[in-house]
Amino acid sequence: MERTWSRRNKTREDRSSSKLANKFNFIAKKLLKRLQQLDAVVYPWLTELWNKVLDLYPLPPGTDIISADIVVQSSSEKLHSQSNPFYASLMSNERVTAIDHFQDVRLVKFNISGSSISYSPGDVVMIAPKNSMETVNDFISHMKLKTDDYFTLQQNDPVENYLDINSVPRRSFFELMCLFSEDELEKEKLKEFCTAEGQEELYSYCNRVKRSILEVLQDFPHTSSNIPFEYFFDLIPALQPRAFSIASSQQAYPEELHILMAVVEYKTKLYKPRRGVCSTWLAGLNPSDNVDKVYVQHRIKENGEYIWQLLNDKGASFYVAGNAKQMPDNVKDAVTEIVKIYGHFTSEEADIYIRKLEQNRRYQSETWS
Ligand SMILES: Cc1cc2nc3c(=O)[nH]c(=O)nc-3n(C[C@H](O)[C@H](O)[C@H](O)COP(=O)(O)OP(=O)(O)OC[C@H]3O[C@@H](n4cnc5c(N)ncnc54)[C@H](O)[C@@H]3O)c2cc1C
């Protein structure tokens, strides 16, 4: 704090010797002096305060007060951010609305184990999307990018990950395009879009119909082929992460993070439907191969106590239908396990219990291969 004060004072003095600056310095100096005087009072008071806090709220067992001569490592390096994202694996991506409902809403589950991400109700997660391969390939072929053209970025695949080629271009985009245009017709149109009189037309051409940067480049083929490669980052803004309200509780799913995501798709006067970059990308992802698949037997075990209550107390019946490979045996093993655990049976008793269910046609299988 002292250093900040003195640096500010010096800058002020250097800049001006006006009365106002003197007055300001006078007040600052007085305040600094008073704070220094208070040091003698504040420190004993703080020590007493912390002792009282520790009496009221003792440290959890196994933890200790960090000694004042230890330099605490900054935790900011470990925090995840736009420049240090966490690569969560996708666990599932299920549509939760009926197939004939106009809105495709997905429950998307991520595995965040090892991330040390913690969240509370009401928190938002930022997700960095990728452009669709269709638009990436269209851009690469339209701009005639060569395989030996490269960007030096900390990320790979800049067109897929970095350039927001699906966004609606701003006026500055047309100003820069205009500088590179040598085609008479195209240049004239671009110039018009940059004038005050051309704004209404620019709005109709771009914003009203949500025309994308890629589509504008395709509409101005002579100009876009003239844009030097190194100007791409001036012309095209960076792809931004999108916010999603977290839909799960970390108490229930410590290693997971769920979102409920509406897939953005709508029509304008343009032929191609407009699709949201992030929601379309996420909706098209399949769960990663490295994630263990969740089958019905896992769900049965997860809900074991409830299934036991239904079977034993409420007289429920169990119907197994589906592809006969491992599934029928795995489901029966899972139900037997539940009966064993919640009925407090031995393995033999549990087998007898299931057999009785089968005899009474309360456990039926219809499977095919
Ligand atoms: C705090 C916060 C929390 C959020 N939480 C959620 C959430 O829990 N779930 C969720 O699904 N989204 C949520 N969003 C919205 C989310 O961040 C994205 O904006 C959304 O998913 C669309 O992103 P996208 O990349 O798919 O679409 P983009 O490519 O960004 O396109 C979206 C744009 O398309 C245009 N657009 C969309 N629909 C139409 C239409 N019908 N007519 C005309 N133009 C249209 C709008 O200009 C819109 O800005 C949240 C946003 C914020 C700020």
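The following legends describe close-up views of a predicted model.

**View 1. Packing of helix α13 against helix α14.** Helix α13 spans residues 304-312 and helix α14 spans residues 327-342; their axes lie 9 Å apart and form an angle of about 85 degrees. Angles of 65 to 115 degrees count as roughly perpendicular, and α13 and α14 are therefore roughly perpendicular to each other. On the α13 side, the contact is made by Gly-304, Glu-305, Ile-307 and Trp-308, which meet Ile-338, Val-339, Ile-341 and Tyr-342 of α14. The residues of this contact comprise six nonpolar, one polar and one charged.

**View 2. The largest nonpolar core.** This core contains 17 residues, and those with the most contacts inside it are Leu-163, Ile-165, Phe-174, Met-177, Ile-213, Leu-214 and Leu-217. At least two core residues are supplied by each of α5 (171-180), α6 (184-193) and α8 (213-219). Helix α8 provides the largest share, four residues. Leaving aside residues up to four places away in sequence, Phe-174 touches Pro-169, Leu-190, Phe-193 and Cys-194.

**View 3. A second, separate core.** Met-91, Ile-112, Cys-278 and Leu-282 are among the 12 residues of this core.

**View 4. The open sheet β1-β2-β5.** Three strands, in the order β1-β2-β5, form an open sheet with antiparallel pairing. Strands β1 (89-95) and β5 (256-262) stand at the edges with a single partner strand each, so one side of each has no neighbour in the sheet. From one strand to the next, the twist averages 20 degrees.

**View 5. Pairing of β1 with β2.** Strand β2 covers residues 105-111 and pairs with β1 in the antiparallel sense over six bridges. Leu-90 has Phe-110 of β2 as its bridge partner.

Definitions and conventions
Residues numbered from 1 in each chain as written. Predicted model: local features only at pLDDT ≥ 70, side-chain atom pairs only at ≥ 80, totals over all residues. Axes fitted to C-alpha atoms, helices over the stretch in contact; angles between N-to-C directions. Parallel < 35°, antiparallel > 145°, perpendicular 65-115°, else oblique. Contact = placed C-beta atoms within 7 Å. Nonpolar A, V, L, I, M, F, W, Y, C, P; charged D, E, K, R; others polar. Core = buried A, V, L, I, M, F, W, Y, C linked by C-beta atoms within 7 Å. Buried ≥ 20, exposed ≤ 12 C-beta atoms within 10 Å, placed from the backbone. Pairing = 2+ DSSP bridges.
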